[in-house]
Amino acid sequence: MSNIGFVIDSLNGGGAERVVLNLTKKIVELGHVVHIFILKDEVDYKIDRNIFKLHVISDTGKVHPIRFFNKRKLAMLLRKKIDKQNITFDLFVSHLEASDEVTKIAKLPNLYHCIHGVISKFIESKYKNTKGFKKFRRKYKYFFKMKSQYDSTKLITVSQGVADDLTKFGIKPHGCTTIYNPFDFDAIRKSANEKVVDEDNYIICVARFAKDKRHDLLIKAYAASNIEQKLLLLGTTDKPSDDEQLANLKNLIRELHIEDKVIFKGFIANPYPWIKKAKALVLSSNHEALPTVLIESLILKTQVVSTNCPTGPAEILEDDLSQFLSPVGDIDALSANIKKAIDNPVNITSKHIDKFNAKGIAKQYIELSMIH
């Protein structure tokens with residue numbers, strides 16, 4: 001039996017947080033013990049505290065400490081909380097930037113940092129809206145921050161593309177293991193049967209209305225495909241820039257005279273019934289890390305069309321599904337693939353999804369706990 005500790009900023013409803021909870025459930029089912037340490041007392045997910053032990057490191061709300069002594073204080077509090085458990089941990093895995101910084105300072109044993117996003121895109125987001133010397137300074141500031149944080153450390157990446165990006169960008173870890181995010185097939189399929197969907201004959205996109213999700217590309221490709229199916233857009237706006245993007249998309253739809261065919265459904269807590277009933281799901285992003293919605297769609301046997309963006313889609317849509325990958329930004333190719341998915345769907349079987357099964361993923365983490 002292994003004792004495994006996950007450290008994460010909070011359990012506030014994000015994707016990485018859901019990954020940690022899914023992993024925990026499967027690892028415990030396999031007979032091992034999991035402790036989750038959160039830097040901030042923020043829990044949005046419904047959790048069963050009988051499954052694992054939850055520890056809050058700080059109630060101050062200071063998750064992203066700017067000054068070094070604040071990081072050291074959190075590291076000290078984390079070590080004290082761990083010592084109080086009076087057990088030997090076989091593996092620690094930290095998730096997200098603040099936890100990565102704190103756990104490294106704390107010098108936890110057999111520590112891995114799990115990288116959930118594309119590092120180069122994270123750095124780019126810090127300087128892309130600046131110019132001149134400020135742009136130069138911010139670019140290299142975050143580049144060297146990432147190198148300092150992750151050089152000579154043990155890493156887990158959620159896709160091979162994320163791993164390739166790390167090394168291409170100049171980060172030199174002590175070791176790097178790719179382990180896909182876990183998916184509970186039975187739970188997803190059960191959730192997909194919880195609601196009767198009041199729409200018929202549609203394709204779907206499930207994504208936040210952020211610029212990099214490229215809904216504009218999707219809408220233009222959809223209009224060019226001239227398919228009879230409606231386009232349903234499920235998603236939310238988390239930032240003011242998302243609201244602006246949503247307004248632009250509605251203008252574009254009016255310009256293309258397809259107001260009667262594109263339906264905004266807003267945020268839906270359980271999108272699985274909508275995905276299951278769709279004729280196809282389309283992802284039009286400029287970049288991802290491991291786009292979970294593609295995998296969830298395949299689990300529900302829904303056809304998938306995607307841009308071949310960095311990173312993840314090419315690792316998901318393999319073999320006979322690879323024909324539905326199109327170059328980033330290519331309206332014509334995306335349009336043709338949407339029509340192809342409708343007219344010539346592929347029979348989706350276990351061979352397309354087995355590598356994402358939560359039980360197999362959990363076993364890979366357990367194997368890491370046995371390496372010292």
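**Exercise 1.** Find how far apart the mean positions of the positive and negative charges of the chain are.

*Solution.* Start with the counting rule: Lys and Arg are positive, Asp and Glu negative, while His and the chain ends are not counted. Next, place each charge at NZ of Lys, CZ of Arg, CG of Asp or CD of Glu. The chain then has 57 positive and 44 negative charges, and their mean positions lie 6 Å apart.

A word on the source: this is a predicted model, where local features need pLDDT of at least 70 and side-chain atom pairs count only at pLDDT 80 or more, while totals for chains, interfaces and linings use all residues. Residues are numbered from 1 along each chain as its sequence is written, and side-chain values use heavy atoms, leaving out hydrogens and water.

**Exercise 2.** Work out what share of the chain's residues is buried.

*Solution.* Call a residue buried under 20% relative accessible area, exposed over 50% and partly exposed in between, using a 1.4 Å probe and protein chains only. Of the 372 residues, 50% are buried.

**Exercise 3.** Describe the largest nonpolar core.

*Solution.* First, join buried Ala, Val, Leu, Ile, Met, Phe, Trp, Tyr and Cys residues through side-chain atoms within 4.5 Å. The largest such core has 97 residues, and Phe6, Ile36, Ile204, Ile338 and Tyr365 have the most contacts inside it. Apart from this core lies another, of 15 residues, including Val7 and Leu108.

**Exercise 4.** List contacts of Ile204 beyond its neighbours within four places in sequence.

*Solution.* Contact means heavy atoms within 4.5 Å. Among the partners of Ile204 are Leu232, Trp274 and Val282.
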